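Work through the exercises below with the sequence and the coordinates at hand. Each task is followed by a solution in steps.

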Amino acid sequence: MAMISVRRMGLKRELPLELLYNVIDICAQNSSLNDLKALSLVSRSFNRQARKHIWGHIELPTKGAIRLDRDGRDFSFLVDALSTLPDISSHTKSLHLASHPPTVLYPFLRKLKFGRLQRVSIHGYDPRVPFAPSPASLARLARTNCDIRTLKLSNFRMDPIAFLDLVSQSTLHELRHCTLDVINTTFDDSWDDYLKHPSSEVLDDFIEQRTKTQNVARPSLTSLSMNRITNLPNAAFCSALFRHTLSLFNISSLQRLTLSISSYPPVPLRHFIEVIELCCLSVTSLTIHNWQDVIPSDSTLIAMFVNAIDVTFNVYDGASLDMVKYSMELLLEHLAALKSLKRVKFAVESFKEVNFLSQQIADVLAILCREVPGIEEFEVSIRSSDAEYYKCEQRFVWDRERCAMVCMTH
């Protein structure tokens, strides 16, 4: 990126500083990190604004530290360098923690201080792993950043009570967006005993301990995404998460809900029944992944979202085109019950030739559009994963005048 002195251009006298900052903000959205670094060298005023974006998001441990550790070399100088930067505490608003390798992550967490985090993502955490950060240290990190509004926890392996306590001790008062993605909290890592452990008595004790906490947090979520939370069908565990008046999260005013179902390991839609009952009247945007795995008796749950405006169903065709066609037909009568529905989208990932797939589903889509009242937008995007057609995508939209699905190839 070629840089010209701002002073030489006369911009410093003619353009307000806010406009120059807007230029940097636009560059941050459309340029690489190296471009931002070059932009920070233009002037002191450019440097201040560019550094907000350069250090706005951090991933720990750093890739450089992981490479050095893999080669058996010392990486402590990287930890020391980051810990002395004032930008970390003042500019970093987004943090991603990868728990592996724990021996590399631990020094960063011990020395770096964050104070303005708004988004936190933690991946692959298991407190039983040697040198893994303690749950108390992760909770302390959250407590010292009282403005966290977005939290993503993925691939966790913890005792269920320890998991609940970790979230409870984090006191996430301002949290609004939460993603729980593959949270294995079953007793002794077994997928078969989630209904037995933890017992209702143990969870009652957990709730009682929360009543003794002066700064108890029960944030009201506006968006929630869930995928494979092993203990969720346990009524007591689900109550501690969502239903109880002192549960971890309040979802009574939830607006956006994303659910992932699966045939193996078995995660049917009914696993989320208590969550659906608590938020179905407030949800306006619904997304369900792996819809091809839904069973007929569970598909009726869709009709509970009577105020849904946007619905999206992701379908992955790894077996047959008939399965894709059947899963779409299964929705017909249930979508018709959603009187507020405005926009419907199917995102299909197929291992078949795209043109052949579109022939199979065209009739079903046309019927669906005619049967559902009030539909303003209906879209089907199809992507082929076949080697010959890997990058081939098609997009179908409903043409009201022609009463037909129109193919728009990308």
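A residue is buried under 20% relative accessible area, exposed over 50% and partly exposed in between, with a 1.4 Å probe and protein chains only. The model is predicted, so local features need pLDDT of at least 70 and side-chain atom pairs count only at pLDDT 80 or more, whereas totals for chains, interfaces and linings use all residues. Residues are numbered from 1 along each chain as its sequence is written, and side-chain values use heavy atoms, with hydrogens and water left out.

**Exercise 1. Classify Phe242 and Phe249 by accessibility, and describe their ring pair.**

Step 1. Phe242 has a relative accessible area of 1% and is therefore buried. Phe249, at 2%, is buried as well.

Step 2. Rings of Phe, Tyr and Trp (its six-membered ring) pair if their centres lie within 6.5 Å; planes under 30 degrees apart count as stacked, over 60 as edge-to-face and the rest as tilted. The search of the whole structure gives seven aromatic pairs. In the pair of Phe242 and Phe249 the centres are 6.0 Å apart and the planes make an angle of 35°, which puts the pair in the tilted class.

Step 3. Ring pairs also join Trp291, Phe313, Phe346 and Phe378 into a cluster.

**Exercise 2. State where the buried residues of helix H16 lie around its axis.**

Step 1. Helices (H or I, at least four residues) and strands (E, at least two) are DSSP runs, numbered from the N terminus. H16 covers residues 321-329, and Leu321, Val324, Ser327 and Met328 are buried there.

Step 2. The arc is taken from the directions that run from the helix axis to the C-beta atoms. For H16 the buried residues fall within an arc of 125°, so they line one face of the helix.

**Exercise 3. Find the contacts of Thr287.**

Step 1. Thr287 belongs to strand E8 (residues 285-289). Its relative accessible area is 16%, so Thr287 is buried.

Step 2. Contact means heavy atoms within 4.5 Å. Leaving out residues up to four places away in sequence, Thr287 touches Leu257, Thr258, Leu259, Thr312 and Asn314.

**Exercise 4. Describe the two largest pockets and the largest cavity.**

Step 1. On a 1 Å grid over the protein atoms alone, a cavity is a set of points where a 1.4 Å probe fits but cannot get out; a pocket is an open set with protein on both sides within 12 Å along at least five of seven lines, and lining residues have an atom within 4 Å of a point. Points are joined across faces, edges and corners, and a volume is the space filled by probe spheres set on them.

Step 2. The largest pocket has a volume of about 660 Å³. Its lining holds 23 residues, with Leu33, Trp55, His57, Glu59 and Thr62 nearest the centre.

Step 3. The second largest pocket holds about 300 Å³. Among its 14 lining residues, Leu109, Arg110, Ser137, Arg140 and Leu141 lie nearest the centre. H10 gives the largest share of this lining, four residues.

Step 4. There are three cavities of 30 Å³ or more. The largest cavity has a volume of about 120 Å³; of its 13 lining residues, Ile122, Ala142, Leu151, Leu153 and Ser170 are the closest to its centre. H10 again gives the largest share, four residues.
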